[in-house]
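Please open the model in your viewer and keep the sequence at hand.

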Amino acid sequence: MDDERTREDDDRPRAGAGPVPEEELSRFQAMFAHLTVGVGLALGSEPTLSLVNPALAAMFGRSIESLVGAPIQTLFAPEVRDTVPDIIRRVRETGRVSVETTQIRADGTRFPVHLTVVGVRDEAGQLRYRVSTLIDLTAERRAQQAIAESEDRYRILYASMREGVALHD
């Protein structure tokens, strides 16, 4: 019974599928370096980063070197740090977590992100590492706020008008 795997298990990423040809490895390295979303890797259940891409470092206003070995919790805003153990637990249990949360830059500014963490397991089903992708939502939130403010201005203008107004398409 222990050897049986569900379809869900088969769909989970697995590590150790064999050696990767050098050309393919080179393509993956280039892709990792040029992604515009932040990517970080943590080994097993370790609470620190082992590998990060330049986009992640730029997002936090830090160097790659300063992030490698950094405790993952320190990247989260203090008010949401207590959610980190639960995120790690959920990845161990379900293989994937996707949440919106708040991170903190080197200069102390907070910023919203969409965080997805995927657990990668070996052939024996052991968690080898966790891959996190972060998408900075700052620009999206600013655009949403600008739209809301614009709608408010037009609503106030319309409500305060004494003349009749008609719109025609």
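The stops that follow move from the whole chain to single residues.

**The whole chain.** This is a predicted model, in which local features need pLDDT of at least 70 and side-chain atom pairs count only at pLDDT 80 or more, while totals for chains, interfaces and linings use all residues. Residues are numbered from 1 along each chain as its sequence is written, and side-chain values use heavy atoms, with hydrogens and water left out.

Colour the model by pLDDT, the predictor's confidence in each residue, from 0 to 100. The mean is 85, and 88% of the residues reach 70 or more. Next, select residues 1-9: pLDDT stays under 50 there, and the model has four contacts for them beyond four places in sequence (a contact means heavy atoms within 4.5 Å).

Now switch to a cartoon display. Six helices and five strands are present; these are DSSP runs, numbered from the N terminus, with helices being H or I of at least four residues and strands E of at least two. Along the sequence, the pattern is α-α-β-β-α-α-α-β-β-β-α.

**The sheet.** Select the five strands. They form an open sheet in the order β2-β1-β5-β4-β3, with antiparallel pairing (two strands pair if DSSP finds at least two bridges between them). The edges are β2 (51-52) and β3, each with a single partner strand, so one side of each has no neighbour in the sheet. Zoom in on β1 (residues 38-43), which pairs with β2 over two bridges in the antiparallel sense. Glycine 40 has valine 52, in β2, as its bridge partner.

**Helix α5.** Select residues 84-94. The buried residues of this helix are Val84, Ile87, Ile88 and Val91, where buried means under 20% relative accessible area, exposed over 50% and partly exposed in between (1.4 Å probe, protein chains only). Viewed down the axis of α5, they fall within an arc of 95 degrees, so they line one face of the helix; the arc is that of the directions from the helix axis to the C-beta atoms. Their cover includes β3 (96-104), β4 (110-121) and β5 (127-136). Glycine 95 follows α5, with a positive phi near 95 degrees.

Phenylalanine 60 lies in helix α3 (residues 54-60) and phenylalanine 111 in strand β4, 51 residues apart. Phenylalanine 60 counts as buried at 1% relative accessibility, and phenylalanine 111 counts as buried at 1%.
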